[in-house]
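Could you walk me through this model in the viewer, one selection at a time? I would like to know what to click on next and what is there.

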Amino acid sequence: MSNNGQRYLGKFKGKYLYMIDSSKYKSLSFIDKRRIHILMISILSLVFIPPFLSDIPNIIDHFIKFDFLIIVIACFLIIRKFKTSRYIGYVTFLLIIIDAFLKSDVLNYVAQIGISYLIIHAFIMVLREAMSLQGDTQNLILVSITGYLIIGLLGGFLAAGLNYMFPESYYHSTGMMLNLYNYIYYSFVTMTTLGYGDIIPINEKAQALALMQVISGQLFLSVIIAINIAKFMQKKV
């Protein structure tokens, strides 16, 4: 086995899994160490950039697909030691690429389910590390911001999926057709309890999801603030 292709064996549930040792490659090591930063920036870019590309439909669609790929890669770097999650990462990556050419609603929503699973697993892994005695305060703050963004993004995916399964679950005050970005926007506005009222949950399922988004957002803030304070006091002691 050559030095450039050297791999190490890790054992998972009694089976050996091949994984690239990123510490042997400077570029991979650089990306691996900043995987949380990449995840946070990719979610922020998905939230803030699309409105400025709205006049170019083809560009905005390709940008969202590309951003999805970056999110999947960042999550993959975090959860790659887990066989099931790694395979889900492979499948989700391929679905996003195939959907870029076929433009299928079904593929798009299945890919969103895959992304949702990956970012939830990645967030749990990183939060667990940050909350441990070895986790530093700076990392916990980074994870806190990323976690809040993840909740908003997941809410958008869930709202879009709900409207796909149950059409006309949401209504825009102008009567316009809603796209994925509109649902992500609605999710963050709902989660922060801002509630502009431009996008309205019509049926009980959509209203229940709205309540879940509000509770999740506020509960996360309460818990994460308490954890940050506890970590800060721990450092002082």
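Keep in mind along the way that the model is predicted.

**Stop one: around Asp61**

Now bring in Lys65, whose side chain meets that of Asp61 in a salt bridge of 3.4 Å, N to O. Here both partners belong to helix H3 (residues 57-79) and are four residues apart, about one turn of the helix. Is Lys65 buried or exposed? With a relative accessible area of 10%, Lys65 is buried, because the cut-off for buried is under 20%.

Next, select Asp99. Asp99 forms a salt bridge with Lys65, with 3.2 Å between the closest N and O atoms. Again distant parts of the chain are linked: Asp99 is in helix H4 and Lys65 in helix H3, 34 residues apart. Asp99 is buried too, at a relative accessible area of 3%.

Show the four residues together: Asp61, Lys65, Asp99 and Lys103 are linked in a network of salt bridges. A search of the whole structure finds three salt bridges.

**Stop two: two loop residues**

Stay with Lys103 for a look at the backbone. It has a positive phi of about 50 degrees although it is not a glycine, and its loop runs between helix H4 (83-102) and helix H5 (105-131).

Then jump to Glu168, another residue other than glycine with a positive phi, near 65 degrees. You will find Glu168 in the loop between helix H6 (137-165) and strand E3 (170-172). Glu168 is exposed, with a relative accessible area of 67%.

**Stop three: a nonpolar patch**

Ile97 lies in helix H4 and counts as partly exposed at 31% relative accessibility.

**Stop four: the cavity**

Finally, go inside. The structure holds one cavity of 30 Å³ or more, and the volume of the largest cavity is about 30 Å³. Select its lining: Ile36, Leu39, Phe123, Val126, Val143, Thr146 and Ile150. Which helix gives the largest share of this lining? That is H6, with three residues, while helix H2 (35-48), H5 and H6 each supply at least two. By class, the lining has six nonpolar residues, one polar and no charged ones.

Conventions
Residues are numbered from 1 along each chain as its sequence is written. This is a predicted model: local features need pLDDT of at least 70, side-chain atom pairs count only at pLDDT 80 or more; totals for chains, interfaces and linings use all residues. Side-chain values use heavy atoms; hydrogens and water are left out. Buried means under 20% relative accessible area, exposed over 50%, partly exposed in between (1.4 Å probe, protein chains only). On a 1 Å grid over the protein atoms alone, a cavity is a set of points where a 1.4 Å probe fits but cannot get out, and a pocket is an open set with protein on both sides within 12 Å along at least five of seven lines; lining residues have an atom within 4 Å of a point. Grid points are joined across faces, edges and corners, and a volume is the space filled by probe spheres set on the points. Ala, Val, Leu, Ile, Met, Phe, Trp, Tyr, Cys and Pro count as nonpolar, Asp, Glu, Lys and Arg as charged, and the others, Gly among them, as polar.
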